[in-house]
Amino acid sequence: MRLLIEAIGHWLIDAVAKVGYGARLFGLTFRHSGMAFSRFRLTIAQINFIGNYSLVIIVVSGLFVGFVLGLQGYNTLQRYGSEQALGLLVALSLVRELGPVVTALLFAGRAGTSITAEIGLMKAGEQLSAMEMMAVSPIARVLAPRFWAGVISMPLLAALFSAVGVFGGYIVGVQMIGVDDGAFWSQMQNGVDWKEDVGNGVIKSIVFGIAVTFIAVFEGYDSQPTPEGVSRATTRTVVSSSLAVLFLDFILTALMFSRE
Amino acid sequence: MNRKLTDLWVGLFVVAGFGAILILALKAGNLASFNFSETYQVLAKFDNIGGLKVRAPVKSAGVVVGRVASVGFDDQTYEAVVTLALDRRYAFPKDSSAKILTSGLLGEQYIGLEPGGDTAKLADGGKIKATQSAIVLETLISQFLFSKAAEGKSDSKAPDSGITAPPGFTAPPVIGAPGGADASAGKTNDKSGTKGETKDKK
């Protein structure tokens, strides 16, 4: 019994300490991000690694999500005789929700894990300690470029996802099922506001980018420097960044779209 | 060389990403049709705005000429105060009237602006005096039921008239009377006229 209480207390203290460490590291990453911009090449290399290499999975997923939205939306809408609104349904659901959220989840799986594993292995190989020995801050040299690369890549990937998804919905809805071409686009343009919907979607994806990339960087930096520790850190990255994305999505949606 | 290639790929990626945002704003969103032209604000007071929302379109002759800028409540007159932002390109006579209409049977509500005949135009901060509230379905149904009940009572007084429909909906055909031959002609008459006709018949 005493052991159980001790274990719970231990776990709780560890969790709170980790949150505190995370917050401190978040501040440190911002303070040390001078090098990520003054030596922008470091960040560019990371954007190439994080953004470009995620492109295939994002584009293909976007296309298929668009296909499915087109099919499902058509089935539901034609029951009410309003299949003309298919374009609106596809575009709104992609731009507001699916684009940022699905991209962030895929991004956590594709890029977040690799960031965590890379930093974790650097730590296990004592590369980070070596950097510190040479008076190079690993936060400035390793963490910050990756963080900013993720923050920059994420909204661009989400926008690509949504755009490709709209195109996928167009292929299924207009080309295959035969919804009217003009109505598809005009209803979409009537219903989607560039500031309220597209702009808020971009803001969402930036917030998700910050959350996912920071969790990935933090888990890598905080991992136990052993193979097992790195594997655990990678798992934690996926779990906690997915949960963070869904939680933040709820909060942001409540803030952005709850008026009326 | 390798560096150049990386730069190229990142450049392509960034361009593609911004291109996607632009496509979403222009092709999927309304940035293209969003006019940055100046608007002028006009006030209109309604007894009941129904489900009218901010940013609902203001249409005249079916063309969008503005948007609802804000919806407020006046606690002096207990009326809804709707501010309309109208496009500067379009000027409307001072005695124009505003109606709250519904697009389709269950569609969204919008404001229909009907131009009047005044030579003076509505200015910024002007007021539309003639307004017509939204049609609330419940009120309509209860009106119909009450008028039907009233009709039922008058029917019991004069049992020889077998038609129970209220006068506003289907006018009973009056043989020999001009214009009473079809229902639509009966509808165009005002209520008292139709009633008079039926009384004459009784």
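## Terms and model

Two strands pair if DSSP finds at least two bridges between them. Helices (H or I, at least four residues) and strands (E, at least two) are DSSP runs, numbered from the N terminus.

This is a predicted model, in which local features need pLDDT of at least 70, side-chain atom pairs count only at pLDDT 80 or more, and totals for chains, interfaces and linings use all residues. Residues are numbered from 1 along each chain as its sequence is written, while chains are lettered from A and ligands numbered from 1 in the order in which they are written.

## Chain B in outline

Chain B has 4 helices and 8 strands. From the N terminus, the order is α-β-β-β-β-β-β-β-β-α-α-α.

Chain B holds 202 residues, and 18% of them count as buried (20 or more other C-beta atoms within 10 Å of the residue's own, with C-beta atoms placed from the backbone; 12 or fewer is exposed, in between is partly exposed). Now take contacts (C-beta atoms, placed from the backbone, within 7 Å). Among those in chain B between residues at least 6 apart in sequence, 56% join residues at least 24 apart.

## The sheet

In chain B, 8 strands form an open sheet. Their order is 7-1-4-3-2-6-5-8, and the pairing is mixed. Strand 7 and strand 8 (130–132) of chain B stand at the edges. Each has a single partner strand, so one side of each has no neighbour in the sheet.

## Strand pairs

Strand 1 (residues 39–46) of chain B pairs with strand 4 (residues 79–87) in the antiparallel sense, over 8 bridges. Here B:Ala44 stands opposite B:Val82. Strand 1 of chain B also pairs with strand 7 (residues 126–128), in the parallel sense, over 3 bridges. There B:Leu43 stands opposite B:Lys127.

Strand 5 (residues 97–102) and strand 6 (residues 109–114) of chain B pair in the antiparallel sense over 6 bridges. B:Lys99 has B:Gly112 in strand 6 as its bridge partner.

## Where the chains meet

In chain B, 21 residues are in contact with 26 residues of chain A. The chain B side has 14 nonpolar residues (Ala, Val, Leu, Ile, Met, Phe, Trp, Tyr, Cys and Pro), 2 charged (Asp, Glu, Lys and Arg) and 5 polar (the others, Gly among them).

Helix 3 (residues 40–50) of chain A has buried residues, including A:Leu42, A:Ile44 and A:Ile47. The buried residues of helix 3 pack against helix 2 (34–38), helix 5 (86–124) and helix 7 (138–177) of chain A, together with helix 1 (2–28) of chain B.

Technical notes
Two residues are in contact if their C-beta atoms, placed from the backbone, lie within 7 Å.
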